Amino acid sequence: YPTWAEEEITVAAAAQLPNGDIMAWAAWMRQEYLSPRKVGQTYTVVINPFDHTVTEELVAHTNHDMFCPGTAVLPDGRLMVTGGTANKATSFFRPEDNL
């Protein structure tokens, strides 16, 4: 758990972004994986390890529950997130645009 976060999440996966921030996510709920799912959303936090700020977002526009996915930082700096509960889904995050 990020101890400086307003609301803790149970981290199911994380990746370091090119700027040094850490993107971490849980699942469709902050701390729940096993109850009936609302697949298609993921609680996500971006942690700045230097100033200890945490920004949380409920990502629903991707229709992707990213619980336990595979991740890769691509050569252009985007973060690719594949699989998870939505095992056929792939989402991309552009850190410079926060998209």
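Two strands pair if DSSP finds at least two bridges between them.

## Overall fold

This is a predicted model. The chain holds 7 strands and 0 helices. Along the sequence, its pattern reads β-β-β-β-β-β-β.

Of the 99 residues, 37% count as buried. The chain exposes about 5,700 Å². Carbon and sulfur atoms supply 52% of that area. Among contacts with a separation of 6 or more, 32% join residues 24 or more positions apart.

## Strand pairing: S1, S2 and S3

Strand S2 pairs with S1 and also with S3. The S1–S2 pairing is antiparallel and runs over 4 bridges. Here Ala-15 stands opposite Met-23 in S2. The hairpin of S1 and S2 has 5 residues between the strands. In this hairpin, Gly-20 takes a positive phi near 100°.

The pairing of S2 with S3, residues 42-48, is antiparallel as well, again over 4 bridges. Met-23 stands opposite Val-46 in S3.

## Nonpolar cores

In soluble globular proteins, nonpolar side chains tend to be buried together. What makes up the largest nonpolar core? This core has 11 residues: Ala-13, Ala-15, Leu-17, Met-23, Trp-25, Val-46, Val-59, Met-66, Leu-79, Val-81 and Phe-93.

A second core is separate and has 5 residues. Its members include Ile-9, Ala-26, Val-45 and Ile-47.

Ala-15, Met-23 and Val-46 are among its members.

## A buried glutamine in a loop

Gln-41 lies in the loop between S2 and S3. Is Gln-41 buried or exposed? Gln-41 counts as buried because its relative accessible area is 10%, and the cut-off for burial is under 20%.

Which residues are in contact with Gln-41, leaving aside its neighbours within four places in sequence? They are Ala-27, Trp-28, Leu-58, Val-59, Ala-60, His-64 and Asp-65. One of these contacts, Val-59, also belongs to the largest nonpolar core.

Key. Residues are numbered from 1 along each chain as its sequence is written. This is a predicted model: local features need pLDDT of at least 70, side-chain atom pairs count only at pLDDT 80 or more; totals for chains, interfaces and linings use all residues. Side-chain values use heavy atoms; hydrogens and water are left out. A nonpolar core is a set of buried Ala, Val, Leu, Ile, Met, Phe, Trp, Tyr and Cys residues joined through side-chain atoms within 4.5 Å. Buried means under 20% relative accessible area, exposed over 50%, partly exposed in between (1.4 Å probe, protein chains only). Helices (H or I, at least four residues) and strands (E, at least two) are DSSP runs, numbered from the N terminus. Contact means heavy atoms within 4.5 Å. Accessible areas come from the Shrake-Rupley method with a 1.4 Å probe; for residues, only the protein chains shown count as cover.
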